[in-house]
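Please examine the sequence and the structure shown here. A short report accompanies them.

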Amino acid sequence: MIHTRPDRDGQEQLGLLGAAWEEAVPYWQDEVARQFDTGHWTPLVQRSTTYLEALGALVDLLETADRDTDF
Amino acid sequence: MTKIHADIDALKGLHEAMVRFRHVQRSVAERGNDEIELTRAALTAKAGHWQARLEQSQAEFDACRAGPGADCSGYARAVEQAGEQLEHIRGWQQRVDEAAGEFRGTAGAFWDLLQNDLPRAESHLLALIADLEAARRAS
């Protein structure tokens, strides 16, 4: 079984969501779209990015802790 | 008419991606918590192992010193090494606890996003799609 890091799976999924947004945006250029961007999309991306970066740093630390205590 | 079709398909695609994102990220968040607990459990097991080694080495050292004129330096070294390993592991336990504590706030905010804000955004998008479909039917 291949063990993948959760932060990398999360980053991949954030990339897929970003691609779906990029596909929708060219066809959606009205005031409602701008409100959705400001009210939902931008906070979603910012908070997801903050979380996934923090998770990545934590998983790095956990892996180092595991390696560094294998005597 | 073509433009509205394109709008609806693209927004439906975005909605599906958001739903998928929410499900996958919930699993990511749960796995993140699992990683913390697995590491804590592994460090606890290692600390237990070295604590037992330390106690055993100490007992051997004490028994050696109780005898007359024996060279106990090897036992003394074993006690020192076990103590250092144990101290090293305890240092990592503390670092992991601190990092997990700092992470908890960010993780909580993200969980709240997945449980509340994201479903609201999905509902908002579904309502927009329904409006567009109604407008298309009316035209």
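## Basis of the model

This is a predicted model, in which local features need pLDDT of at least 70 and side-chain atom pairs count only at pLDDT 80 or more, while totals for chains, interfaces and linings use all residues. Residues are numbered from 1 along each chain as its sequence is written, and chains are lettered from A and ligands numbered from 1 in the order in which they are written.

## Helix 2 of chain A

Helices here are DSSP runs of H or I with at least four residues, numbered from the N terminus. Helix 2 of chain A covers residues 31–68; at 1.5 Å a residue its 38 residues should span 56 Å, and the end C-alpha atoms, 54 Å apart, agree with this. The expected span is 1.5 Å times one less than the number of residues.

At Asp37(A) the helix bends by about 45°, the bend being the angle between axes fitted to the seven residues ending there and the seven starting there. Its buried residues include Phe36(A), Trp41(A) and Tyr51(A). A residue is buried with 20 or more other C-beta atoms within 10 Å of its own, exposed with 12 or fewer, and partly exposed in between, with C-beta atoms placed from the backbone.

## Contact between the chains

The contact takes 30 residues from chain A and 37 from chain B; two residues are in contact if their C-beta atoms, placed from the backbone, lie within 7 Å. On the side of chain B that touches chain A, the largest share, 20 residues, comes from helix 1 of chain B.

## Glu37(B)

Glu37(B) lies in helix 1 (residues 2–66) of chain B. This residue counts as exposed because it has 10 C-beta neighbours inside 10 Å. Its C-alpha atom is separated by 9.7 Å from that of Ala100(B), 63 residues apart along the chain.

Definitions and conventions:
Helices (H or I, at least four residues) and strands (E, at least two) are DSSP runs, numbered from the N terminus.
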